[in-house]
Every structure is written in C-alpha cells, then in structure tokens.
Amino acid sequence: MALIIPKNNADVETLDATLKIYYEADNWVGNPTLIDELSKALHVLGKEDERKEPQSYTKKTQVLGYFGFITWEDLLNNQSRRKITDLGKKFYEARASRNTNEIIKVLIESLQNNTFG
C-alpha cells in the first residue's frame, strides 16, 4: 500500500507562518482569521504579492494536520475551526529556537503516534 501525502505547499517558511498563527492564538481559529492572518504573514515574508483564493490558505494546514500538529474542532468537517495540539506547540517551539534535535524528536513522536496514508 502506497503512502498518501497531501498535495499542497510544504515550504518551511509557509509552514512556520501557518503554525505560528495557531500557536499565538492557542485556541480555535476559524478559516476567516487564518486566511486574513496568513495572507498578511506571507506578504511580509515576500511569498505573495497579492491575496490568493481562500482555499489556497486553508490547504496550507494539510501538512500540519497530517503530522498531528493541528486538529479540527469537528473531525468530520474539514472546514471547521482548528487549533494547535501539544505536539504542534513542541514542534513550533523547536523550530522557533532552531533546536534540530528537538525537531527530529517531535517528528519521530509524530511518526510513532499518527496513522499515515
């Protein structure tokens, strides 16, 4: 059986910017808030010149959800609000402090505790 990976942007700066929104909110984040804040962050990073379609921003959550760094309020509705998980907080903090050993440790923990595919 082949491993299924979400089709989306896995650019490190984009993932960091997306996870930062959830980390700083430390609560449920709705799509309108995510879209607005992520659009601004990507513009500051020089990743975008103009605002894109809303789904281009929500797709940026797929990798984070895949690894268990964010979760959906309603698991049956992929448009429901999302928030950062404890594992996501550890990953964000490790990335922010550039702690490579902790980043690897968190990724291994994700691989051990999540179902992929």
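**Entry 1: a pair in α2.** I started with D36 and K40, which are four residues apart in helix α2, so about one helical turn separates them. Helices here are DSSP runs (H or I, at least four residues), numbered from the N terminus. D36 and K40 form a salt bridge, with the closest N and O atoms 3.2 Å apart. I use that term for a side-chain nitrogen of Lys or Arg within 4 Å of a carboxyl oxygen of Asp or Glu. K40 is exposed, at 51% relative accessible area. D36 is partly exposed, at 28%. My cut-offs are buried under 20% relative accessible area, exposed over 50% and partly exposed in between (1.4 Å probe, protein chains only).

**Entry 2: ground rules.** I noted that this is a predicted model, where local features need pLDDT of at least 70, side-chain atom pairs count only at pLDDT 80 or more, and totals for chains, interfaces and linings use all residues. Residues are numbered from 1 along each chain as its sequence is written, and side-chain values use heavy atoms, with hydrogens and water left out.

**Entry 3: a pair in α1.** I turned to E24 and K20, whose side chains meet in a salt bridge at 3.8 Å, N to O. They are four residues apart in helix α1, so again about one helical turn lies between them. E24 is exposed, at 55%. K20 is partly exposed, at 37%.

**Entry 4: a link between helices.** Next I looked up K90, which forms a salt bridge with E109, the closest N and O atoms being 3.0 Å apart. K90 lies in α5 and E109 in α6 (residues 100-113), so the pair ties together parts 19 residues apart in sequence. K90 is partly exposed at 33%, and so is E109 at 24%. I also found D11, E13 and K47 joined into one network by salt bridges that share partners. My search of the whole structure gave nine salt bridges.

**Entry 5: the largest pocket.** I asked what volume the largest pocket has. It is about 310 Å³. A pocket here is an open set of points on a 1 Å grid over the protein atoms alone, where a 1.4 Å probe fits, with protein on both sides within 12 Å along at least five of seven lines; lining residues have an atom within 4 Å of a point. Volume is the space filled by probe spheres set on the points, which are joined across faces, edges and corners. The lining includes E13, K20, Y92 and I103. α1 gives the most to it, with four residues.

How values were computed:
Helices (H or I, at least four residues) and strands (E, at least two) are DSSP runs, numbered from the N terminus.
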